[in-house]
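Open the model in your viewer and show it as a cartoon. We will start with the whole chain and then move to selected parts.

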Amino acid sequence: MIITHAAYLAAKILVVDDRKENLFAMRKILQVLECEIFTVESGNEALSYTLRHDFSLILLDVNMPEMDGFELAELLRSNEETEHIPIIFVTASDKEDQSVFKGYESGAVDYLFKPVNADILLSKVKVFLELHMRTKELEAIQVELERSNESLREFAQVVSHDLKNPLNVITGLSELLIAKHSSEWTEKNKKYMGQIAATAERMNHLITDLLSYAQLNAQPASFTAVDLNEVLAQVIADLSGRLGQNGGQIIVKDILPVMEADGTQMYQLFLNIIGNGIKYQRAGCPPNVQVSLFTETNSFTIQIEDNGIGMRSEDIPDIFKTFKRLDNAKGFEGSGVGLATVKKIVELHQGEIDVQSELGQGTVFQIKLPL
Ligand SMILES: Nc1ncnc2c1ncn2[C@@H]1O[C@H](COP(=O)(O)OP(=O)(O)OP(=O)(O)O)[C@@H](O)[C@H]1O
Ligand SMILES: [Mg+2]
């Protein structure tokens, strides 16, 4: 990307040299960049300037009486406000000096030899100014990201209160009406009221799923040592009600590892995939979900295989999209958010997810995670 000089307008450069003629020469060379140039004749003066201005770069003469360039650089580096300002040391053409700069390698530092060559000076200064601009841009993006995360959190809060409260009123009143008056109703009216209650319940689920997806994006994951066997046991216990209804079973074939992970997110991951495995069952075929483990050198893969309705392989990329439900999901309850959540969780754990499926046969999910 070509950056025009006008882009440097907001940049401020401080030139420190005890000799007026050097300051004059530097200013003359640098003025083509059209940035604000400040010149001072001593280290003390430079210090007071750095407290009042946000400099993109300091050009610093090494040999000065009272405080030399290195002493000033030390002072700047020891102050939180000024430690990040890049410095170009300007020194006499003495090979010995080069070793001294090694100590400054950690910060953004370069050096120039006197007499200063205008082209070299300009190209070095431009590199630092561009670096400074990029850093400022990144900082602005970071601030914007934090702001949008914050509004997402607020949105989630608003959704939970402002949408769920009226919905709870609908659910509550429909239940009350059904309990107290359904005996007086025609079959048709009973059916309508049942549909109102069921729809409100579905919407309640949708909001809960959407909330947990939004929170994944807004809240930083909290990583601890998580025993995946315990997480899986919890998921199986929580699904046992559904298993009892349809005679299904979950078979854990291997012992899973303990990994650095967010325990709540791992629970959501297993619950969604195994929950799907039980939910999308073939008519007359009790669900059977098998969990197995494959270990590699630096990673492991958890495989979750079901014997359900399966899906067409060309539809597989779509299942991770938010709210996407395939044609095969007709007649099954759901919001289409489960696997979007799973994918996000896998990414947050530096993992990969792979799916193989055949319509009418079953589906295999493979989650590869780093050890
Ligand atoms: N094990 C599976 N067998 C067959 N189809 C599946 C399976 N898992 C997912 N699908 C398909 O992928 C779609 C997306 O799955 P996802 O879990 O995101 O949503 P859902 O189950 O419809 O709703 P929920 O948000 O309640 O989980 C499903 O609607 C279904 O079409
Ligand atoms: Mg699901």
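**Stop 1: the whole chain.** Count the elements first: the chain has 9 helices and 12 strands. Its radius of gyration is 33 Å, well over the 21 Å that the globule rule gives for 371 residues, so the chain is more spread out than a compact globule. Keep in mind that this is a predicted model. Now orient the view along the principal axes. The C-alpha atoms fill a box of roughly 100 × 50 × 35 Å.

The chain exposes about 20800 Å². Carbon and sulfur atoms supply 54% of that area. Of the 371 residues, 38% count as buried. Then think about contacts along the sequence. Take those between residues at least 6 apart: 67% of them join residues at least 24 apart.

**Stop 2: Asp61.** Select residues 57-61, which form strand 3. Asp61 belongs to this strand. Show its side chain.

Is Asp61 buried or exposed? Asp61 has a relative accessible area of 2%. The cut-off for buried is under 20%, so Asp61 counts as buried.

An unreviewed UniProt entry annotates Asp61 as "modified residue: 4-aspartylphosphate".

Stop 3: Next, go to the open sheet of 5 strands with the order 7-9-10-12-11. Its pairing is mixed. Colour the edges: strand 7 (249-252) and strand 11 (352-358) each pair on one side only. On average, neighbouring strands of this sheet are turned by 15° against each other, direction ignored.

Zoom in on strand 7 and strand 9 (residues 288-295). These two strands pair in the parallel sense over 4 bridges. Pick Ile251 and look across to strand 9. Which residue there is the bridge partner of Ile251? The partner is Gln290.

**Stop 4: the helix across the sheet.** Select residues 263-279, which make up helix 8. Helix 8 lies across strand 7, strand 9, strand 10 (299-306), strand 11 and strand 12 (362-370). Look along strand 10 to finish: helix 8 runs at about 30° to strand 10.

Terms used
Residues are numbered from 1 along each chain as its sequence is written. Chains are lettered from A and ligands numbered from 1 in the order in which they are written. This is a predicted model: local features need pLDDT of at least 70, side-chain atom pairs count only at pLDDT 80 or more; totals for chains, interfaces and linings use all residues. Side-chain values use heavy atoms; hydrogens and water are left out. UniProt positions are given in the numbering used here, feature names are shortened, and annotations may be inferred rather than shown by experiment. Buried means under 20% relative accessible area, exposed over 50%, partly exposed in between (1.4 Å probe, protein chains only). Two strands pair if DSSP finds at least two bridges between them. Axes are lines fitted to C-alpha atoms, for helices over the stretch in contact, and angles run from 0 to 180 degrees between N-to-C directions. Contact means heavy atoms within 4.5 Å. The radius of gyration is taken over C-alpha atoms; the globule rule is 2.2 Å times the number of residues to the power 0.38. Accessible areas come from the Shrake-Rupley method with a 1.4 Å probe; for residues, only the protein chains shown count as cover.
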